Amino acid sequence: MFGRNRNRSKQEHLVLLVDDDKGQLDVFATWMAAIRPDVYVRTATSVDEALNLINAHTFALIISDYSIPDAGAGLDIFEAAVQSGIPKSNFIMLSGTTDNLPDEVRLVSKGDLVALETAVQQALV
Amino acid sequence: MTDKEEAAREDYAEQSRQLEQLLLQRQKWLGDASHELRGPLNAAAMSLNVVTRRDDLPDGVHATLRNAERHLLHMSDLVRDMFDTAKLENDAFELAITPDVPVHEIVEEITAEFAANPDVLSLRSVPDRTITATLDRDRIRQVVRNVVSNAAKYRQVGKQATIAVLLHRIDDAYFEIVVDDTPNGLGMTKSDLEALESGQPFWRAEAAKTVASGTGLGIQLSRKLVERSGGQLRYDSEFGSGTTAAIRLPYNLQPDTET
């Protein structure tokens, strides 16, 4: 079975997943570990928690929901991530609807697992 | 202006303000409802996706779980398309227009996304890299993704899709993104094309229903998005051969040209 917090030494990439729904976030973390066993997943359920983690760690990839819980709150995380030095292409915004976002933000429609997996694989080369 | 006229003017302004607020509230509700409905559906689909990656599943279980995953994602897409369609019909929908968008980037992004799709045998992209346009990048990307996704899905039984995506100039005012899935595409009959042109939501060609799941909303939503962007989405098709979809758009979409 797939684990999300296995031996860190065997895992090359630190990935942050952000969603305000804890149950959905756990599923997301399990999925991430299934498609990329070489990642170590951290999770955050609020903007503040995400910002604290971004300040404390260097993430290879950040995937955030756009609405956590308010629409657009994900943009605060995007800005903090870019300031922390993460390439814009290594930040993926998930949206349950097709919200208008700045061009520089990489948007994947929530539920489009093929597009999400492609984006993850491209970011973690 | 008399006192009566002044009072009427103020009353009109107040009603306009209240109406604008109601429209904003409705837009927010549509967005929130879509988000809340899709979340659990996606989590369930993601869970099934994890399980189907295991190679120790009993015979038949893998296919059954994949089928369940597909149905969940289908329902999720349906929710998204329904809410987007409602927004468009209620005019609670704004385009985020960006100047000087290199259109080839949209084409290349979508072709890269579908190149790894196991249902696609070949995906050729021929973009004119000099074309830039003032448009809503996200929405046009959504349209191109929908059209390419249909080309990948609706193919002849037992065949993989062969897709060509072209980007070229039409004249000084318009350019075109063409998605061609011949010769392996499913294609549509003349009556299918007429039904498609009628713009009925949820309509799907009978042959299409037998090869892939879908909502019938994405294609109509794409058409509305293109029209809202000052353009036209046209289809040319032959059943058993494939379909050519042409997305014609203006170089310069002005806010006051939105309809």
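Helix 3 (residues 103-115) of chain B lies across strand 2, strand 4 and strand 5 (174-180) of chain B, and it runs at about 170 degrees to strand 2 of chain B. This arrangement belongs to a predicted model, in which chain A contains an open sheet of 5 strands with parallel pairing and chain B contains an open sheet of 5 strands with mixed pairing. The two chains also touch each other, in a contact that takes 26 residues from chain A and 28 residues from chain B.

**The sheet of chain B and the helices across it**

- The strands of this sheet in chain B follow the order 2-4-5-7-6, and its edges are formed by strand 2 (120-127) and strand 6 (232-238) of chain B, each of which pairs on one side only.
- Neighbouring strands of this sheet are turned against each other by 10 degrees on average, direction ignored.
- Strand 2 of chain B is joined to strand 4 (residues 161-169) of chain B by 7 bridges in the parallel sense, and B:Val120 stands opposite B:Ala161 in strand 4 of chain B.
- Helix 4 (residues 137-153) of chain B also lies across this part of the chain, over strand 2, strand 4, strand 5 and strand 7 (242-250) of chain B, and its direction is at about 150 degrees to strand 4 of chain B.

**Helix packing in chain B**

- Helix 3 of chain B and helix 4 of chain B have axes that come within 10 Å and cross at roughly 40 degrees, and the two helices are therefore oblique to each other.
- The crossing in which helix 3 of chain B passes helix 4 of chain B is right-handed.
- On the side of helix 3 of chain B, the residues that meet helix 4 of chain B are B:Ile106, B:Val107, B:Glu109, B:Ile110 and B:Phe114, while helix 4 of chain B contributes residues including B:Arg137, B:Ile140, B:Val144 and B:Val148.
- By class, the residues in the contact of helix 3 of chain B with helix 4 of chain B divide into 8 nonpolar, no polar and 4 charged.
- In another pair, helix 2 (residues 61-89) of chain B packs with helix 7 (residues 218-228) of chain B at an angle of about 35 degrees, with the axes 10 Å apart, and helix 2 of chain B passes helix 7 of chain B in a left-handed crossing.
- This second contact brings B:Asp81, B:Asp84, B:Thr85 and B:Leu88 of helix 2 of chain B to B:Gly218, B:Leu221 and B:Lys224 of helix 7 of chain B, and by class it has 2 nonpolar, 2 polar and 3 charged residues.

**The sheet and helices of chain A**

- In chain A the strands of the open sheet follow the order 2-1-3-4-5, with strand 2 (39-44) and strand 5 (106-109) of chain A as the edge strands, each pairing on one side only.
- Strand 4 (residues 91-95) of chain A runs parallel to strand 5 of chain A and is joined to it by 4 bridges, and A:Ser95 has A:Ser109 in strand 5 of chain A as its bridge partner.
- Helix 1 (residues 22-35) of chain A lies across strand 1 (13-18) and strand 2 of chain A, and it runs at about 170 degrees to strand 2 of chain A.
- Helix 2 (residues 47-56) and helix 3 (residues 73-83) of chain A pack at an angle of about 10 degrees, with their axes 10 Å apart, which makes helix 2 of chain A roughly parallel to helix 3 of chain A.
- Among the residues that make this contact are A:Val47 and A:Leu51 of helix 2 of chain A and A:Ile77 and A:Ala80 of helix 3 of chain A, and the contact has 8 nonpolar, no polar and 1 charged residues by class.

**Where chain A touches chain B**

- The elements giving two or more residues to the side of chain A that touches chain B are helix 1, strand 5 and helix 4 (113-123) of chain A, and the largest share, 7 residues, comes from helix 1 of chain A.
- By class, this side of chain A has 11 nonpolar, 11 polar and 4 charged residues.

**Confidence in chain A**

- Chain A averages a pLDDT of 84, and 85% of the residues score at least 70.
- Over residues 1-6 of chain A the pLDDT is below 50, and this stretch has 9 contacts in the model beyond near neighbours in sequence.
- Where pLDDT is low, the predicted coordinates should not be read in detail.

How values were computed
Residues numbered from 1 in each chain as written. Chains lettered and ligands numbered in written order. Predicted model: local features only at pLDDT ≥ 70, side-chain atom pairs only at ≥ 80, totals over all residues. Pairing = 2+ DSSP bridges. Contact = placed C-beta atoms within 7 Å. Axes fitted to C-alpha atoms, helices over the stretch in contact; angles between N-to-C directions. Nonpolar A, V, L, I, M, F, W, Y, C, P; charged D, E, K, R; others polar. Left-handed = near helix turned anticlockwise from the far one by under 90°. Parallel < 35°, antiparallel > 145°, perpendicular 65-115°, else oblique. pLDDT = per-residue confidence, 0-100.
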